[in-house]
Amino acid sequence: MELCYQLPVLPLDRPVPKHVLSRRGAISFSSSSSLFGAPDPRQLSQRRGAISYDSSDQTALYIRMLARAESAGSIPVRRIQRLFSFQRHLLSSRLLRGPPHLNPLHILDEDYCGQAKCMLEKVGSWNFNIFLFDRLTNGNSLVYLTFNLLNQYGLIELFQLDMVKVRRFLVLVQEDYHNQNPYHNAVHAADVTQAMHCYLREPKLAQSLTSCDILLGLLAAATHDLDHPGVNQPFLIKTNHYLAALYQNTSVLENHHWRSAVGLLRETEVFSHLPTEDSLSIERQLGSLILATDISRQNEYLSRFRTHLDEDDLCLGNASHRHFILQMALKCADICNPCRPWELSKQWSEKVTEEFFHQGDIEKKHKLEVSPLCDSEANTIASVQIGFMTYVVEPLFAEWARFSDTRLSQTMLGHLGLNKASWSAMEPEASGSSEEGESEPAQVTEEPSSRALSQGSQKS
């Protein structure tokens, strides 16, 4: 049953047709965009376009354009150039007001600068409220937080990055997250980036990681779910989505996130001043980190991590071992919501379950088999979270605590235990009786691997 539009191959030397210009993206704005809850195409036609496609060497590239398909004619080139350079002019004018090192938040709107700056002074706190920060920055939490961290680590100066290019890259990244997704949106990316920052500051990592490692970790966290459609890989496969065919049903979303990030890096020329070998190496390592977030490979990474810890053979002086630890750190950051304080964790749990149930509703509407944990009639928020915490989160963070036995690790495990207990207390109420509430975990126990990984696959 083919529901999703198959995007045609578009060689670089051919003009892009108007019907493609009118589309925002390969996923969110296909002919089946109603499947993903996308707004009217006429509304999205004004937004920056983005399409992935398959070239002759089977490499997924990322084409971007700024245009609107109008019957009256195309937008004048001069106007397009002005739109492209608006952020550059805005930032440049602010940079002229004072040295950046005296005011690292010079790019913030003045109305929010004070409160947002106060929050960023505590960006390393595990209690950091990303929802509040997103409101204070008027929905630009990913841009401001990531830029601040790059500046805080001295990476912009060290790698001689053009701040205007970095800013533009982050703006485009934030734009390509789908705000209509309850969970997989730019706020989630900002939250994962903040968590990654917390892990990078842990003693073992802080003493061993190179500046390049830190740069890769932050970029991977910010882009790890780029252009996520709000549905999981099995959904794309069973609806015959072209991305599933493009990546041969293997790490479909993660490959798309990675290629999308590479496309933006190349478009904005963030690393154009570096030797070609260095920029290609950064792209490859970025892909390795993002691909590690594929939850279907969770047991593979966890088993390898456990073996290293059992044999005590991790050497962070070794580049490959450092990269592996970065992969594990990103995996932890990606699913750390159950380890946050309850007032934050509960909000994330409600958002991710809403996204699950939305996919289930789509599957019911089109008479498809409903994916595990996506049936709102058979699952509750509490049951979904209890299963996820038990079979995915607890094993991973228990091993991370073995590797990095710090106050932060113990804090995360403490929150995890309290949050699980809170959801367990709610489960009898959600199911209607205490007996039903006690029977639900038993059902989960029968199929721990399939149910837990099915949930996790939507978080990747």
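By salt bridge I mean a side-chain nitrogen of Lys or Arg within 4 Å of a carboxyl oxygen of Asp or Glu. Glu283 sits in helix H15 (residues 276–291) and Arg266 in helix H14 (residues 252–268), so the pair ties together parts that are 17 residues apart in sequence.

A word on the model. It is predicted, so local features need pLDDT of at least 70 and side-chain atom pairs count only at pLDDT 80 or more, while totals for chains, interfaces and linings use all residues. Numbering runs from 1 along each chain as its sequence is written, and side-chain values use heavy atoms, with hydrogens and water left out.

Back to the pair. Are its two ends buried or exposed? Glu283 is buried, at a relative accessible area of 11%. Arg266 is partly exposed, at 47%. The cut-offs: buried is under 20% relative accessible area, exposed is over 50%, and partly exposed is in between, with a 1.4 Å probe and protein chains only.

Now the whole chain. It has 22 helices and two strands. Helices here are DSSP runs of H or I with at least four residues, strands are runs of E with at least two, and both are numbered from the N terminus. The chain has 460 residues, and buried ones make up 55% of them. Next, contacts between residues at least 6 apart in sequence. Of these, 73% join residues at least 24 apart. Contact means heavy atoms within 4.5 Å.

On to helix packing. Two packed helices are described by the angle between their axes and the distance between the axes. Take helix H6 (residues 141–152) and helix H11 (residues 211–223). Their axes come within 11 Å and cross at roughly 175 degrees. The axes are lines fitted to C-alpha atoms, for helices over the stretch in contact, and the angles run from 0 to 180 degrees between N-to-C directions. H6 and H11 are therefore roughly antiparallel. That label needs an angle over 145 degrees; under 35 is roughly parallel, 65 to 115 is roughly perpendicular, and the rest is oblique.

Which residues make the contact of H6 with H11? From H6 come Leu142, Thr146, Leu149 and Leu150, and from H11 come Leu215, Leu218 and Ala222. Six of the contact residues are nonpolar, one is polar and none is charged. For that count, Ala, Val, Leu, Ile, Met, Phe, Trp, Tyr, Cys and Pro are nonpolar, Asp, Glu, Lys and Arg are charged, and the others, Gly among them, are polar.

How many does the whole structure hold? A search finds 13. One of them joins Lys364 and Asp375, at 2.8 Å from N to O. This pair links distant parts of the chain: Lys364 is in helix H18 (residues 342–365), and Asp375 is in the loop between H18 and helix H19 (381–403), 11 residues apart. Lys364 is partly exposed, with a relative accessible area of 32%.

Another bridge joins Glu399 and Arg402, also at 2.8 Å, N to O. Both lie in helix H19, three residues apart, about one turn of the helix. Glu399 is buried, at 8% relative accessibility. Arg402 is partly exposed, at 40%. Shared partners join Arg306, Asp310, Glu399 and Arg402 into one network of salt bridges.

The structure holds 10 aromatic pairs. In one of them, Trp400 and Phe403 have ring centres 5.3 Å apart and planes at 55 degrees, so the pair is tilted. Rings of Phe, Tyr and Trp (its six-membered ring) pair if their centres lie within 6.5 Å; planes under 30 degrees apart are stacked, over 60 edge-to-face, and the rest tilted. Trp400 and Phe403 both lie in H19, three residues apart. Trp400 is buried, at 0%, and so is Phe403, at 3%. Ring pairs link Trp126, Tyr199, Phe305, Phe324, Trp400 and Phe403 into a cluster.

Last, the backbone. Most residues other than glycine have a negative phi. Gln160 has a positive one, near 55 degrees. It lies in the loop between helix H7 (155–158) and helix H8 (163–175), and it is exposed, at 63%. Asp312 has a positive phi too, near 50 degrees. Asp312 is in the loop between helix H16 (298–311) and helix H17 (319–334). At 68%, Asp312 is exposed.
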